[in-house]
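Subject: Structure for your review

Dear colleague,

Please find below the structure that I am handing over to you.

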Amino acid sequence: MRKEFDSMGEMEVPNNAYYGAQTQRAIENFPVSGIKIPKSLIKSLGMIKRSAAIVNYKLGYLDKSKSNAIIEACDEVIAGKFDKQFLVDVFQTGSGTSSNMNTNEVIANRASEIMGGKIGTRKPVHPNDHVNFGQSSNDVIPTSIHVAANIEIENELIPSLEVLKDALYQKSKEFHGILKIGRTHLQDATPIRLGQEFSGYAKQIENNILRLKNCKVLLSELAQGGTAVGTGINTHKDFGKLIAIELSQYSGVQFKEAPNHFEAQAAQDAAVETSGALKTLAVSLSKISNDIRWLGSGPRSGLGELSLPVVQPGSSIMPGKVNPVICESMIQVCAQVIGNDTVITLGGMGGIFELNLMLPVIAHNLLQSIDILNRASKMFTNNVVIDLKANEQICKDYIEGSLAMCTSLAPVIGYDKAAKIAHKAYETGKTVREIALEEKILPEIELKKLLNPILMTKPNS
């Protein structure tokens, strides 16, 4: 162990640690969950500190050697080299100060090492005076949430959803010629094309992509430059603007300085809005997964209209049983995201006066939702949608046996007569077609046209 000092006095820190006294205090103060901040947040914090080192050099606040050393250290943080040095629990100080100082200390110690200094001495690079210059935890952590979420949505989640959307539209085309029975209230309804059903799924994903793109507008606004309470005390007036430019150039994702720093630091409305869009996506994915799971139920005692890809044995006691495990995994992911949204909503209500006091838990839940939705979407596309097959004969049989076939007769013979035919078909176990022919309600050629399921899948011409 080595001895370090901070403003509260002496602390013992492990010799191999790149973090310092403030991080060690936080590790000891918050032994809550064992959950650390997400890797995507560590990466975004490294990107912010990297940008700050460049901007502060340009503004004349850092010399070239310190700036270069900090940039090199930040590059290593961004690459994940120091992920194991970020040990502070998610359930920590509400502003995320402990994680900001964890970042400052790791970068300062590594930068000092690069410059020939000794870890733990805070020389020649100091965590506060150099790495954190012109910044406050109160603007760094809100900025890091926006940076991480925006990058992960643009580079990971939306591309995964685009692939899923395209796969569902491809299935819509593939299944266009397959007729099946529609279902409302879990009961038989009028015929539908299987491709029409899948076009609805694809459109749901398309709409969710649009919602996420709309959220990115406000996620692109960064709190950086507001410092303690949004006034920008102890920082250059152009710092926030220059940080946003630097982050945009480095990440390839567009950012800008928030037009109002008091809103950007006192509230987390953009995170709440984004979580709402992620929750909506989860609801859509749960519906699609559940439908496919039910349509593939069986194989001999269920609906059986679809055959899901076989990915693993389904039972430890029933040989040959195969379960819709990918759909079940997706449904569980969706439940987690919906739960995360509740936490983020409550976190958004933690905006008290000039600061939100639930930033770390908002960050954890928001970034987890983005991450697991991204991974689950890839899993669902690759392990379910692409190799999904339709059981065309089963689909046809359900149509012919459905009592809802009488729906197309109602405009011609009237609702009441059509209902009597449906009831008689049910009581006798015969089809609507058989009863209609027996009772000669219409000429056979007209009945054949009216009871053609293909014509039931579109409006009258």
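Two strands are said to pair if DSSP finds at least two bridges between them. The model is a predicted one, and the remarks below should be read with that in mind.

**The hairpin**

Strand S1, residues 2-6, and strand S2, residues 9-13, are paired in the antiparallel sense, with 5 bridges. The two strands form a hairpin, and 2 residues lie between them. Within this pairing, Arg2 is placed opposite Val13 of S2.

Helix H3 covers residues 64-78, and its axis comes within 8 Å of the axis of H4, the two crossing at roughly 125 degrees. Angles from 65 to 115 degrees count as roughly perpendicular and those over 145 as roughly antiparallel; H3 and H4 are therefore oblique to each other. Their crossing is right-handed. On the H3 side the contact is made by Ala69, Ile70, Glu72, Ala73, Cys74, Glu76 and Val77, and on the H4 side by Val106, Ile107, Arg110, Ala111 and Ile114. Sorted by class, this contact of H3 with H4 holds 9 nonpolar and 3 charged residues, and no polar ones.

The crossing of H6 with H10 is left-handed. H6 contributes His146, Ile153, Leu157, Leu161 and Leu164 to the contact, while H10 contributes Ala270, Thr274, Leu278, Leu281 and Leu285. By class, the contact of H6 with H10 has 8 nonpolar and 2 polar residues, with no charged residues.

Helix H4 spans residues 97-114 and includes Asn102. Is Asn102 buried or exposed? The cut-off for buried is under 20% relative accessible area; Asn102 counts as buried because its relative accessibility is 1%. Leaving aside residues up to four places away in sequence, Asn102 touches Tyr19, Thr23, Gln85, Phe86, Leu87 and Val88.

**Backbone features in the loops**

Most residues other than glycine have a negative phi, and most peptide bonds are trans. The following places depart from that pattern.

The loop between H4 and helix H5 (127-131) contains Pro124, and the peptide bond from Lys123 to Pro124 is cis, with omega near 5 degrees. Arg122 also lies in the loop between H4 and H5. Although Arg122 is not a glycine, it has a positive phi of about 60 degrees. The relative accessible area of Arg122 is 27%, so this residue is partly exposed.

A further cis peptide bond runs from Gly298 to Pro299, with omega near 10 degrees. Pro299 is located in the loop between H10 and strand S7 (306-307).

Thr227, which is not a glycine either, has a positive phi of about 50 degrees. The residue is found in the loop between strand S5 (221-222) and helix H8 (239-251). How accessible is Thr227, and what does it count as? Its relative accessibility is 3%, and Thr227 therefore counts as buried.

With kind regards

Key:
Residues are numbered from 1 along each chain as its sequence is written. This is a predicted model: local features need pLDDT of at least 70, side-chain atom pairs count only at pLDDT 80 or more; totals for chains, interfaces and linings use all residues. Side-chain values use heavy atoms; hydrogens and water are left out. Helices (H or I, at least four residues) and strands (E, at least two) are DSSP runs, numbered from the N terminus. Buried means under 20% relative accessible area, exposed over 50%, partly exposed in between (1.4 Å probe, protein chains only). Contact means heavy atoms within 4.5 Å. Axes are lines fitted to C-alpha atoms, for helices over the stretch in contact, and angles run from 0 to 180 degrees between N-to-C directions. Angles under 35 degrees count as roughly parallel, over 145 as roughly antiparallel, 65 to 115 as roughly perpendicular and the rest as oblique. A crossing is left-handed if the near helix is turned anticlockwise from the far one by less than a right angle, and right-handed if clockwise. Ala, Val, Leu, Ile, Met, Phe, Trp, Tyr, Cys and Pro count as nonpolar, Asp, Glu, Lys and Arg as charged, and the others, Gly among them, as polar.
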